[in-house]
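This briefing is intended for reading alongside the sequence and the three-dimensional model. The points below are grouped by topic.

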Amino acid sequence: MITPFHIGLFAVSLCILVTFLSFLKEKDDLHKLILTDLAAIMALFIIALVGTDLAEALILPGLVVGISKLMALAEIYLVKEGIQQKKNSTVLDIEVLDTAPAILAAILVIYGIILSGFSGGAVAGLGIIFYLAFKKHDEKFELIETVSGYAWVTWIAAFFIFLIFPSQWFLAVMLAGGGILLKVMAKFSLIGTMRGDPGV
Amino acid sequence: MIQVFDLNVEGRELFSLSFGDIVPYFSVYTGALAAFVIIFILIAIFSLPERQMNIAFGGDAYYAKEVNVPDMRFSRFMAIACGAATLGAMVTGDIFNFTLFAVMVGITNIGIVAASGNKHVLNAAFQYGIVAMLATVPLFGGAALILATTGSLSIWVLAGAGVVPLLAKALLVLGVMGEGIAPLYIGKAEIIRAQGAPYVLMIHFSSLLLFLRVIEIVLVI
Amino acid sequence: MIHRISGILSNFDNLSRVYAVLIIIVILGGIISIPSMEYQGDRLYPKTIDRDSPLDPYDRGGEPFERTEVLAEYPENSPELGFTTAYLTPLAIALATTTPHMGTTIVAHPGGIIDEILYVTRGLDTVVETAILFVAFAMASYLYRRRDDE
């Protein structure tokens with residue numbers, strides 16, 4: 001009996017074959033790095049095929065793992081190739097890039113806070129990346145890292161409240177929602193600070 | 001219905017922790033692995049880093065390479081994180097949770113050598129990192145297939161039932177191969193040129209233990 | 001022949017290629033076994049879709065501060081199972097009464113089935129996942145700062 005699940009599984013197998021065949025062909029390190037993102041999407045594809053609420057909850061860890069590994073590998077690539085940013089101009093010198101980031105970033109951050117929780121953190125973080133990447137910024141590294149540290153502690157505290165005092169679930173949900181919002185947002189916005197000129 | 005601890009691989013139940021749906025267990029087997037990990041975490045915490053010697057050919061001269069303190073601290077932090085991830089992978093009672101811990105072992109392995117300034121080491125670490133990232137496909141794929149075909153991710157439920165498809169088991173083993181990269185030692189041999197003996201040791205150790213654990217999982221489910 | 005194979009294996013630039021070959025072999029072998037698999041994935045946390053609900057597609061029923069039925073693996077390990085699923089923040093209730101199209105926004109709020117799974121029953125998964133994020137960013141920011149100092 002062939003169900004939609006089987007058809008999906010066949011499709012996924014084909015996609016994985018294509019992805020890994022591309023790795024057989026590719027020799028350039030930078031292109032390999034970009035192709036790994038394609039592979040990470042294949043992993044999400046299989047999880048999504050299960051199609052339950054559980055699968056939806058498992059996709060979030062899968063997604064974050066892909067992003068964070070790509071981040072670390074990209075930084076190693078820069079060090080390995082000895083690429084240092086020396087130029088002082090921003091990426092593109094267009095008027096729109098001076099005015100638009102602030103408005104777009106504000107919209108994204110506000111919507112992120114309304115969403116709150118995990119996806120909210122990602123949306124708000126995206127807004128902050130956008131802002132920091134195009135605007136001049138001071139060294140906000142320390143502040144963002146401190147915020148992220150406190151958010152981490154809040155989150156772990158919520159986890160233990162769920163385990164040890166299950167009757168306080170309401171407090172734990174609020175702590176977890178707020179903590180993970182701050183944490184994901186802070187981690188995402190670090191990407192924004194890395195984009196700018198060194199030593200500003 | 002066969003229980004986990006009736007199987008030969010596992011041995012007696014020592015104790016189990018419950019975190020909601022994820023129930024880590026200490027049997028004689030996983031408990032012994034966990035004890036080894038704890039010993040090695042302690043070694044990473046308390047031992048001093050090695051000082052590599054450079055010998056000049058054609059003469060008696062040799063000199064010690066300098067140990068960069070911040071870099072050393074960073075490798076030590078990563079080695080301890082790697083130990084913690086290995087410990088989690090050893091005792092967890094859930095397939096998806098195991099794959100996440102395996103991924104964490106993979107990324108901390110790169111982290112241990114990432115601080116090195118040696119171009120060869122960094123290149124090897126980068127190539128290894130690409131494989132570790134690719135390994136998320138078979139790891140998550142295997143876990144998702146198990147969830148789809150059996151309806152559960154808990155090793156307690158799957159134990160002894162023999163309903164897990166062979167493809168899912170093969171994918172799991174292949175994924176751990178990518179994260180721990182044990183059979184593909186070419187990448188690692190090059191990585192070992194990095195400084196810091198007790199920390200680099202953790203790379204081998206974690207991949208060896210990941211392998212022992214995934215074999216246990218494949219035999220049990 | 002063996003000499004050539006060991007020549008390929010000894011170059012770590014080929015590492016990802018060797019691994020890709022292994023995966024392709026396993027997948028090609030596995031495709032044959034796909035029709036014999038049976039789908040049983042909806043044993044845990046199945047998805048039900050009620051198109052008329054303002055919380056669509058995440059309506060799992062239940063009154064706030066009341067228990068809801070949730071199909072967890074070990075219900076006995078989570079004594080307050082179902083409370084998080086049923087909870088809606090005041091903002092979420094306001095959104096649900098004004099428009100029927102904000103279900104996805106509402107489920108991102110604290111409370112709801114995804115939070116139940118992510119924080120309560122499978123909380124350890126999220127702990128590991130944020131730990132991976134933390135380690136990766138520690139690496140990236142350490143390398144970035146060192147690059148700055150040079």
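Residues 126–144 of chain C form a span that is 100% helix and 0% strand, with end C-alpha atoms 26 Å apart; helices (H or I, at least four residues) and strands (E, at least two) are DSSP runs, numbered from the N terminus. The model is a predicted one, in which local features need pLDDT of at least 70 and side-chain atom pairs count only at pLDDT 80 or more, while totals for chains, interfaces and linings use all residues. Residues are numbered from 1 along each chain as its sequence is written, chains are lettered from A and ligands numbered from 1 in the order in which they are written, and side-chain values use heavy atoms, with hydrogens and water left out.

**Annotated spans**

- In an unreviewed entry, UniProt lists residues 18–37 and 126–144 of chain C under "transmembrane region"; the positions are given in the numbering used here, feature names are shortened, and annotations may be inferred rather than shown by experiment.
- Residues 18–37 of chain C are 70% helix and 0% strand, and the end C-alpha atoms of this span lie 29 Å apart.
- For chain A, the UniProt annotation "transmembrane region" (unreviewed entry) covers residues 6–24, 33–52, 58–79, 100–133 and 153–182.
- Residues 6–24 of chain A are 100% helix and 0% strand, with 27 Å between the end C-alpha atoms.
- Residues 58–79 of chain A are likewise 100% helix and 0% strand, with 33 Å between the end C-alpha atoms.

**Chain C as a whole**

- Chain C contains seven helices and zero strands, and its elements run α-α-α-α-α-α-α from the N terminus on.
- Of the 150 residues of chain C, 54% count as buried, where buried means under 20% relative accessible area, exposed over 50%, and partly exposed in between (1.4 Å probe, protein chains only).
- Among contacts (heavy atoms within 4.5 Å) in chain C between residues at least 6 apart in sequence, 50% join residues at least 24 apart.

**Interface of chain C with chain A**

- On this interface, 65 residues of chain C are in contact with 69 residues of chain A.
- The area buried between the two chains is about 6,300 Å², of which carbon and sulfur atoms give 73%; buried area is the accessible area (1.4 Å probe) that two parts lose on being put together, summed over both.
- The rule finds two salt bridges across the interface of chain C and chain A, a salt bridge being a side-chain nitrogen of Lys or Arg within 4 Å of a carboxyl oxygen of Asp or Glu.
- A salt bridge joins the side chains of Lys47(C) and Asp53(A), at 3.2 Å from N to O.
- Helix 2 (15–31), helix 3 (83–86), helix 5 (103–108), helix 6 (113–121) and helix 7 (123–149) of chain C each supply at least two residues of the side that touches chain A.
- Helix 7 of chain C gives the most to that side, with 22 residues.

**Interface of chain C with chain B**

- Here 44 residues of chain C are in contact with 60 residues of chain B.
- About 4,300 Å² is buried between chain C and chain B, and carbon and sulfur atoms give 71% of this area.
- In chain C, Phe12(C), Leu15(C) and Tyr19(C) lose the most area to chain B, together 18% of what that side buries.
- The count between chain C and chain B is one salt bridge; Arg122(C) forms a salt bridge with Asp94(B), with the closest N and O atoms 2.7 Å apart.
- Helix 2, helix 6 and helix 7 of chain C each supply at least two residues of the side that touches chain B, and helix 7 of chain C provides the largest share, 13 residues.

**Nonpolar cores**

- The largest nonpolar core has 165 residues, of which Ile16(A), Phe20(A), Ile95(B) and Met139(C) touch the most other members; such a core is a set of buried Ala, Val, Leu, Ile, Met, Phe, Trp, Tyr and Cys residues joined through side-chain atoms within 4.5 Å.
- Another core, of five residues, lies apart from it and includes Leu55(C), Ala92(C), Leu95(C) and Ile106(C).
- Leaving aside neighbours within four places in sequence, Phe20(A) is in contact with Leu134(B), Val137(B), Ala20(C), Ile23(C) and Ile24(C).

**Thr92(B)**

- Thr92(B) lies in the loop between helix 2 (69–91) and helix 3 (95–114) of chain B.
- Thr92(B) counts as buried because its relative accessibility is 1%.
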